[in-house]
Every structure is written in structure tokens, then in C-alpha cells.
Amino acid sequence: MEQALNQASDPLFGTYNRTPAAMVRGKGAWAWDKNGNKWLDFGSGIAVNSLGHAHPRLVEAVRKQAGEIWHTSNLFEIEGQTRLAQRLVDATFADKVFFCNSGAEALEGCIKTARRYFYDADQPDRYEIITFEGAFHGRTLATIAAGGQQKYLEGFGPKASGFTQVPFGDHEALKAAIGPQTAAILVEPIQGEGGVRPVPDQCLRGLRELCDEHGILLIYDEVQTGVGRTGWLYAYEKSGAAPDLLATAKGLGGGFPIGAFLATEAVAAPMVPGTHGTTFGGNALAMSVGNAVLDVVLEDGFLDMVRQKAGRLRQRMAQIVDTYPDLVEAVYGEGLLSGFKAKVPAGQLVAAMHAEHLITIPAGANVIRILPPLNVEDAEIDEAMARVDRAFSTFQASA
Ligand code: PLP
């Protein structure tokens with residue numbers, strides 16, 4: 001009986017190792033847990049809360065839309081969807097947008113669209129997608145195959161076929177991997193989960209040239225890097241190398257689950273009625289928030305401000321590296337997608353930061369991600385780094 005009660009008191013799957021703190025309220029870069037502790041949130045729900053907690057314009061958008069209409073299905077026109085799509089089209093390489101609910105779904109959409117493009121061009125055998133070691137594209141069966149990481153694939157049956165992986169930064173291996181079955185190259189402009197590893201601009205341009213040379217598609221996974229996180233609306237803009245397809249999610253909803261995939265006209269053309277769909281994707285409630293996020297992020301000067309904040313953060317992080325050379329060795333990243341490369345287990349340093357009520361997020365390759373909201377204040381950056389300083393000092397003293 002006791003055992004049954006215990007099980008009943010823990011009804012959730014055991015898939016997460018959670019920090020024992022429950023946030024109940026937030027404002028900007030701050031969150032309060034149920035015990036009244038005030039946390040400085042430099043994790044932003046893993047690069048999701050682009051405008052921090054409870055941004056007044058997002059709250060107002062949800063409140064207004066919630067009293068009007070939430071959901072009609074994609075069997076009807078959805079005005080907010082057309083508006084958000086048009087704004088994304090106007091601001092990017094894309095001509096067409098499909099809305100869904102998450103990053104993995106956006107990637108699935110890109111994969112399907114790339115395959116369908118070649119199917120429609122009478123090349124149905126051209127379905128393979130080349131990806132890079134260290135990539136993370138989501139947790140569905142196709143996206144774990146795309147990411148290629150054994151720890152996510154193990155125990156889930158045969159790996160979905162049609163994905164070939166090459167080492168990160170190995171141009172020769174990449175060229176050798178392209179064959180008659182290749183449909184596309186899929187890449188994160190900065191590997192997020194993989195440890196904040198940027199692809200240099202000249203390499204993105206090189207990928208574009210390689211794709212053009214072989215008549216294959218270039219797909220960017222901007223689920224983590226998109227919507228202003230790097231100081232650009234989408235990270236690829238800095239390189240000038242536009243993709244054919246792009247997946248976006250996380251920051252687009254500012255905390256509301258929204259994903260989307262963007263494509264050029266030609267690439268989207270074969271996706272005719274019946275080829276793809278979703279029940280929830282792009283509903284009126286979600287679109288009201290997505291439009292409110294873009295109202296802020298596309299305002300004149302907003303992205304310049306993100307770049308300025310990033311400069312300040314980078315400088316403060318470099319000071320921490322100078323002060324604690326035994327704990328951290330480098331600062332990685334672009335814009336407000338930044339990280340410390342740790343010399344001791346990153347999880348232990350994240351725990352030390354939690355003890356100072358500072359939220360940061362571990363990533364692969366022993367990196368600690370620092371992901372403040374895009375509208376973070378200078379004083380909050382300084383406060384966060386003061387907490388890192390205290391956390392590292394305590395950690396060092398106890399080591
Ligand atoms: N792609 C990238 C680059 C990501 O960082 C993530 C999530 O962390 C995903 C895809 C998957 O997104 P979601 O968890 O919303 O399915």
C-alpha cells in the first residue's frame with residue numbers, strides 16, 4: 001500500500017533529473033520559487049523566454065486573444081498565422097512558412113520537405129541528409145537519427161535511415177559523403193546542446209557553395225540560434241549564406257510552444273494539400289504570442305541592443321576566466337548564446353551557481369550555457385557575473 005502511495009505521489013515519467021525548485025512566478029530575468037527564493041534566470045528555459053518572464057506585451061497579447069478565439073484547426077484561415085508568416089518572409093530568405101509546435105517538429109518538416117522536393121523532381125532516391133557530429137536536432141525518431149548521438153538512439157529500435165554523419169569541421173569528409181542519394185546538408189549555425197560551437201561564417205558560405213555545386217539543399221537548424229539570440233534575427237544573416245530551408249522554434253513563442261519551418265518558393269512548392277499537417281500548429285492563441293514577440297524583436301534598435309548586451313556579457317565572462325583559470329578556460333558563443341568551457345565537470349559548476357540562485361544550463365563538451373533574456377539589463381549581467389564569481393570562489397575553496 002505504502003509503495004502504491006509513493007508511486008501515486010510521483011506520477012511523472014522519470015526522464016528528467018530535475019533541480020529541486022519549483023518556479024511559481026517570474027518577471028523579466030527573475031523568477032521566484034515556491035519557497036520565496038528569488039532566482040536570476042540566465043537559462044531562459046533553455047533559450048526560450050526571449051523576452052524574459054511575463055513581458056507585458058506578451059501577457060497582453062495572450063489575454064486579449066484568450067478572450068476572442070483560441071483554436072479553429074488549419075481547416076480554416078487563421079489571420080494571425082498569415083501575418084506572422086508574412087513578417088518572417090519579409091525579414092528572411094524565405095517565401096513560405098509552415099507553423100508547428102516544437103523544434104523537433106520543425107526539423108521533421110524540413111526533412112520531409114527536402115525529401116519531397118527531390119521526389120517531385122523525379123529523383124526519389126535522393127533522400128539522404130548529411131549532418132554533423134555533436135549535432136542536436138530533437139528527440140523524435142527521425143531527429144535522433146539526424147543528431148546521430150548514440151546516447152539518444154540506444155534502445156529505440158533501428159535508427160531511422162537516410163542520415164549520414166560527418167565529423168564537425170571536416171571538409172574533406174563532408175565532400176566525400178556527398179553522393180547521388182544526398183538531398184541536403186543540415187547544420188546548426190552554432191551547435192547549442194553540442195557545446196556552443198559556432199560554424200565560422202566562411203564555412204557556412206562554403207556549405208552554400210558546396211550545396212549549389214551539387215544541386216542539393218542547405219537546411220539550417222536555428223531552433224536555438226534564431227529570433228535574435230545571436231544578435232541577428234537569424235544567425236545565418238551574419239555570414240550572408242542563406243539556406244533553402246530553416247527550422248525555428250524556442251524564442252519565437254517567448255515561452256509559448258511554437259515552431260515553424262521556412263522555405264524558398266521552389267522548395268515549398270511540392271508540399272501540396274495532404275503532404276503535411278498538424279492539428280495545433282499555428283493556432284490563433286499561439287500566433288498572437290508569436291506576433292507579439294516579433295513586435296518587440298523587430299523594433300528598430302532591438303537587435304543592436306542585444307549585440308551591445310552581448311559585448312558586456314562577453315567582457316565580464318572573460319574576466320571570470322582570468323580569475324578562475326583552474327575552473328574555466330574559455331568563453332564561447334555569439335550574442336546572448338554564450339558559454340564557459342569548463343575544466344571541472346560543468347554540472348558541478350552549474351550546481352554551485354544554483355546555490356547562488358543563478359540559473360545556467362549545461363551543454364555537451366563540458367560547457368555551461370549562459371542564456372539571459374534578450375532584453376536583459378546591464379545591471380542584471382553584472383549581478384549574474386557577481387553570482388558566478390561567488391559560486392566559483394566557494395567551489396574552489398571547497399575543492
Ligand atoms: N534543434 C536544436 C538546435 C535544439 O537546440 C533543440 C532543442 O534543444 C531542438 C532542435 C529540439 O527542439 P524541441 O525540444 O522544441 O523539440
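Predicted model: local features only at pLDDT ≥ 70, side-chain atom pairs only at ≥ 80, totals over all residues.

A polar backbone atom of Gly103 is 2.8 Å from an oxygen atom of the ligand. Asp221 uses its side chain: an N or O atom there is 2.7 Å from a nitrogen atom of the ligand. Lys250 also takes part through its side chain, with a polar atom 3.2 Å from an oxygen atom of the ligand.

| Residue | Atom of the residue | Atom of the ligand | Distance |
|---|---|---|---|
| Gly103 | polar backbone atom | oxygen | 2.8 Å |
| Asp221 | side-chain N or O atom | nitrogen | 2.7 Å |
| Lys250 | polar side-chain atom | oxygen | 3.2 Å |

The rest of the report concerns helices. Two packed helices are described by the angle between their axes and by the distance between those axes.

Helix H14 (residues 378-398) packs with helix H13 (residues 346-355) at an angle of about 120°, the axes being 8 Å apart. That angle makes H13 oblique to H14. Their crossing is right-handed. On the H13 side the contact is made by Gln348, Leu349, Ala352 and Met353, and on the H14 side by Val388, Ala391, Phe392 and Phe395. By class, these residues are 7 nonpolar, 1 polar and no charged.

H14 also packs with helix H12 (residues 302-323), where the axes come within 10 Å and cross at roughly 15°. H12 and H14 are therefore roughly parallel to each other, and their crossing is right-handed. From H12, the residues Lys309, Arg312, Leu313, Arg316, Met317 and Ile320 meet Asp378, Ile381, Asp382, Met385, Val388, Asp389 and Phe392 of H14. This contact of H12 with H14 holds 7 nonpolar, no polar and 6 charged residues.

A further pair is formed by helix H3 (residues 56-66) and helix H11 (residues 284-297), whose axes come within 9 Å and cross at roughly 150°. H3 and H11 are therefore roughly antiparallel to each other. The crossing of H3 with H11 is right-handed. In H3, Arg57, Leu58, Ala61, Val62, Gln65 and Ala66 are in contact with Ala284, Leu285, Ser288, Val289, Ala292, Val293, Asp295 and Val296 of H11. The residues of this contact comprise 10 nonpolar, 2 polar and 2 charged.

Note on methods
Residues numbered from 1 in each chain as written. Heavy atoms only, no water. Axes fitted to C-alpha atoms, helices over the stretch in contact; angles between N-to-C directions. Helix = DSSP H or I, 4+ residues; strand = E, 2+ residues; numbered from the N terminus. Parallel < 35°, antiparallel > 145°, perpendicular 65-115°, else oblique. Left-handed = near helix turned anticlockwise from the far one by under 90°. Contact = heavy atoms within 4.5 Å. Nonpolar A, V, L, I, M, F, W, Y, C, P; charged D, E, K, R; others polar. Polar contact = N/O pair within 3.5 Å; in protein donor to acceptor, adjacent residues only side chain to side chain.
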